[in-house]
Amino acid sequence: MPFFEDAVYSEIFFSSLYFDKTVFDLRITYAYSFKCMFLMPEVENHLDLNTHFIKKPAATFFVRASGEGMRFNGIHDGDLLIVDRSRTTEHRCLILAVIQGEFIIRRFLKQGMRKLLSTDHPRDPGIEITAEMEFEVWGVIAHVIHTPK
Amino acid sequence: MSSTHLSDPEIFALVDCNSFFCSCERVFNPAVRKKPVIVLSSNDGCAVSLTPDAKALGIPMGAPIFKYKDLVKKHGIQIFSSNFALYGDLSSRVMATLAEFTPELEIYSIDEAFLSLRGFSSRDLIQYASEIKSTVYQYTGIPVSVGIGPTKVLAKAANRIAKKMGSGVFNLTDEKLREEMLATLKVGDLWGIGSRSAEKLNRIGLLTARDFKNASSRTVRDLLGVVGHRLQEELRGVSCLSLAHIAPDKKQMISSRSFGKPVFDLELLKEAVANHVTQLCERLREQKAGARMLQVFIHTNRFKDAPQYFKMSTQTLLSAENTTNVMIKVAFQGLEEIYRDGFEYKKCGVILNDILSTTPMQQSLFSYDADSGGMSQACERNERMMEVLDHINAEMGSGTLKFAACGVQSSHLRSGRLTKKDPEKEAYLTWKAKNDFRSPRYTTAWDELLVIGSGR
């Protein structure tokens, strides 16, 4: 790797957050019950969304959904998707996939030996995955975070 | 993993990412996975990372891309400007994943790491290496190559072979295989052998890595000194370089700058280092923090056809320090250790690690004065002086007061903006301004996330 002029890259590289297990600056609020503190002094941990939603920080990515095309999958415009690449794709997983170089979100279905992708639309029988599709799973959608408008 | 005893021989794996910056760009952009990709440096549009297919088109590393504009257009080469936020983040992920595979990890650079695989039997090594490779790809989308050997140099050589063979993993622990495969590497392909050294070796008939390994130690020592001798020993399976134990840092600060005109003198390097230390210590004091590890690095211009030298010294301190004069002294010690006469230095820098808050500050035994019941007088005086210094600089502009070590006339340290304009570079900058090739910061900026879906 060439070592070139800009010092910025090493600054960011070395702040390896993943070793610490505090991954993102996603320190949203944590719930803390003061009443409980007096009644039950054993209550120790705050509720932390990071550890709750993210099991494998190194393999977890955030992605934004656009449009209503995936509403049958339970995903709406503007939703934040937490994608976990470390999970194995199983029957009925919602996945972010790549087909012929394009990103796509579908539900993965296994019917015996066949593998299908479905939009969950009541009239969608599902498309079978073929070699021509150059299909690849990018990651399993672990959580969908919807912010009501 | 089988239980490990220190009596087991050391086994190193060198894992490095293939065309790292290019691979990073491909993670969120599958459309360019099958196309040649080049990533450019931010300053002047030189190719800093190329995929093998881009290299095959004849574009060399470090080439100013403007000169190859037509080739780019003709072959549909995808060009990207450096996206450091993305590369740094993906690198962290790769390293965190590698850390799952070994108790001892040395992060060597943004895209390379050494792992200790001590305790694994030969039979399991390739299997394990394949597991590492597939897991890193699954988790992060970055393809890597793994080379295994009983020494670091051999692990690096194995990695090179793994890339050449296309398998992505290779194991050089077996002596017979080593003998056979080292013949396929040129001496210049070896880690630590630059073009000058390669030339010297070629002149006396040592062309392949195998030739070099089997040459007489005396000849090698005479020709390349103790460094060459160590390399040879490593090739022979005798480990001279151990894993540097770099604990994961909570925080780090870096100050570094390239020189406008290359620097040979130690005194000038000292001045630059002193300035870097001053800046960093100011930041530390602002944050009410101190550092316990100081690293100084110097290196030559990699893209220039001249002898190469890159070295970094590491100093650890007993207690967290943030006083400039103490840190300058420590930095100078480090610099003197690594400085070698005769090289054209292009850049130097100072890195502070292991940064702790100074409230409450842990006092080392040396600064603790039992009689006075607190910090020693010298230490206290120092701190007060720093307070005054900071106050004056804040009132009258930074740099008003600084240590003499920082130098009075530092015009030579400014980057060469006073040189005459390069018309080609100007043309490139105009072209670049019209086409911003930087990809979104997919993993570090909320409003630059990958967007999937219908209506955009």
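**A charged pair and its setting**

Guide: Glu336(B) counts as partly exposed, because its relative accessibility is 41%. Here buried means under 20% relative accessible area, exposed means over 50%, and partly exposed lies in between (1.4 Å probe, protein chains only). This is a predicted model, so local features need pLDDT of at least 70, side-chain atom pairs count only at pLDDT 80 or more, totals for chains, interfaces and linings use all residues, and side-chain values use heavy atoms, without hydrogens and water. Residues are numbered from 1 along each chain as its sequence is written, while chains are lettered from A and ligands numbered from 1 in the order in which they are written.

The partner is Lys270(B): its side chain meets that of Glu336(B) in a salt bridge, 2.7 Å from N to O. A salt bridge needs a side-chain nitrogen of Lys or Arg within 4 Å of a carboxyl oxygen of Asp or Glu. The pair joins distant parts of the chain, 66 residues apart: Lys270(B) is in helix α11 (residues 266-286) of chain B, and Glu336(B) is in helix α12 (residues 324-338) of chain B. Helices (H or I, at least four residues) and strands (E, at least two) are DSSP runs, numbered from the N terminus. Lys270(B) counts as buried, because its relative accessibility is 15%.

Asp120(A) is partly exposed at 24% relative accessible area, whereas Arg107(A) is buried at 13%.

Now take a polar contact, meaning a pair of N or O atoms within 3.5 Å; within protein, one must be able to donate a hydrogen and the other to accept it, and residues adjacent in sequence count only if both atoms are side-chain atoms. The side chains of Thr443(B) and Asp89(B) make one at 2.9 Å. Thr443(B) lies in the loop between α14 (423-434) and β15 (450-453) of chain B. Its relative accessible area is 12%, so Thr443(B) is buried. Contact means heavy atoms within 4.5 Å. Leaving aside neighbours within four places in sequence, Thr443(B) is in contact with residues including Phe61(A), Phe28(B) and Leu86(B).

Next, the nonpolar side. A nonpolar core is a set of buried Ala, Val, Leu, Ile, Met, Phe, Trp, Tyr and Cys residues joined through side-chain atoms within 4.5 Å. The largest has 56 residues, and those with the most contacts inside it include Leu96(A), Ile105(A) and Tyr87(B). Helix α4 (residues 84-99) of chain B gives the most to this core: seven residues. A second, separate core has 33 residues, among them Ile338(B) and Cys406(B).

Last, the cysteines. A disulfide is a pair of cysteine sulfur atoms within 2.5 Å. The count over all chains is zero. Cys17(B) is in no disulfide, and the nearest cysteine sulfur, that of Cys24(B), is 7.3 Å away. Cys17(B) is buried at 5% relative accessibility. Cys281(B) is buried at 1%.
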